[in-house]
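Subject: Structure handover

Hello,

Here is the structure I promised to pass on. Please open it first, then read the notes below.

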Amino acid sequence: MNTLLAADLIGLDKIINSDPVAITFFIGYMAMFASAVFFFVERSSVSDKWKTSLLVSGLITGIAAVHYYYMRDFYLQTGQSPTAFRYVDWTLTVPLMCVEFYLLTKPFGAKTSTLTKLILASLLMLITGYIGETSGIENNVMWGIISTVGYLYIVYEVFAGDVAKLAKESDSPALGRAMFLLKIFITLGWSIYPLGYMVLPGNLLSGAFEVSSIDLFYNLADAINKIGFGLVIYSVAISETNKNKKVQHA
């Protein structure tokens with residue numbers, strides 16, 4: 001009990017004294033938790049075919065909230081980056097974000113083969129990224145290149161692959177706006193992660209900035225990408241639900 005109390009006091013001291021990384025872990029945890037509650041509650045506001053999409057959005061932010069709780073404690077107690085916790089979180093939530101692409105386009109004809117390819121690409125990106133980040137400076141460039149292949153395939157699917165084609169053929173203004181925003185998340189939001197990877201010792205951008213600040217960028221990127229992703233899905237679900245209601249009452 002005394003050990004836990006001491007750890008809590010150390011963590012509180014770091015937050016009070018404006019340790020930016022500690023603050024972003026705390027904000028990330030609270031923001032993810034609040035978002036999960038919002039998405040679960042709002043499932044009742046959308047039509048049946050969009051309920052699963054909001055369920056997945058809630059799962060993404062809910063899983064992230066749990067991991068951020070433990071990552072926060074790990075950082076406060078050790079002062080080290082919670083790499084293993086972070087990759088466990090990504091390995092669960094990033095494939096779920098790929099599931100969201102499938103669910104978003106499923107009402108317009110998406111196939112399960114597209115979902116399979118997206119999930120496999122995300123797992124390739126994450127597993128090889130973790131190997132590269134933990135295997136030492138001799139191999140991290142090679143594993144980083146392999147990881148980037150998975151990322152680029154997801155980018156391809158969103159911009160020119162099956163996902164992009166279905167969105168274009170859907171004749172849904174809401175889906176069109178959502179895909180535009182999701183493209184920004186995929187290219188700008190997700191690009192923070194490979195940039196963070198490349199500043200590791202021995203990598204392409206080694207020395208560009210302090211490695212200790214990587215968690216700051218990762219925490220902000222996670223909050224923006226996961227919560228923002230869910231809000232985009234929510235906006236489409238609400239828009240399509242309201243459109244169907246108008247058609248039914250016409």
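Is R86 buried or exposed? R86 counts as buried, because its relative accessibility is 2%. Buried means under 20% relative accessible area, exposed means over 50%, and partly exposed is in between, with a 1.4 Å probe and protein chains only.

Some ground rules before the rest. This is a predicted model, in which local features need pLDDT of at least 70 and side-chain atom pairs count only at pLDDT 80 or more, while totals for chains, interfaces and linings use all residues. Residues are numbered from 1 along each chain as its sequence is written, and side-chain values use heavy atoms, with hydrogens and water left out.

**Salt bridges**

The whole structure has 7 salt bridges. A salt bridge here is a side-chain nitrogen of Lys or Arg within 4 Å of a carboxyl oxygen of Asp or Glu.

Start with R86 and D215. Their closest N and O atoms are 2.8 Å apart. R86 is in helix α4 and D215 in helix α10, so this pair ties together parts 129 residues apart in sequence. Helices are DSSP runs (H or I, at least four residues), as are strands (E, at least two), numbered from the N terminus. Both R86 and D215 are buried.

R86 also forms a salt bridge with D222, at 3.4 Å from N to O. That pair again links distant parts of the chain, helix α4 and helix α10, 136 residues apart. D222 is buried, with a relative accessible area of 0%.

D222 has a salt bridge with K226 too, with the closest N and O atoms 3.9 Å apart. These two both lie in helix α10, 4 residues apart, which is about one turn of the helix. K226 counts as buried, because its relative accessibility is 3%. Salt bridges link R86, D89, D215, D222 and K226 in a network.

**Nonpolar cores**

A nonpolar core is a set of buried Ala, Val, Leu, Ile, Met, Phe, Trp, Tyr and Cys residues joined through side-chain atoms within 4.5 Å. The largest one has 50 residues. F101, L104, I154, M179, L182, I186 and W190 have the most contacts inside it. Elements that give two or more residues to this core include α3 (48-78), α5 (112-134) and α8 (173-189). Helix α4 gives the most, with 11 residues.

Take L182 as an example. L182 touches F101, L104, F229 and V232, leaving aside residues up to four places away in sequence. Contact means heavy atoms within 4.5 Å.

There is also a second, separate core of 13 residues, with M32, A65, Y75 and I227 among them.

**Largest pocket**

The largest pocket has a volume of about 410 Å³. A pocket is an open set of points on a 1 Å grid over the protein atoms alone, where a 1.4 Å probe fits, with protein on both sides within 12 Å along at least five of seven lines. Lining residues have an atom within 4 Å of a point. The volume is the space filled by probe spheres set on the points.

The pocket has 25 lining residues, and the closest to its centre are M125, S147, Y193, P194 and Y197. Helix α6 gives the most to the lining, with 6 residues.

**One more residue**

E42 is found in helix α2 (residues 20-42). E42 counts as buried, because its relative accessibility is 16%.

Best wishes
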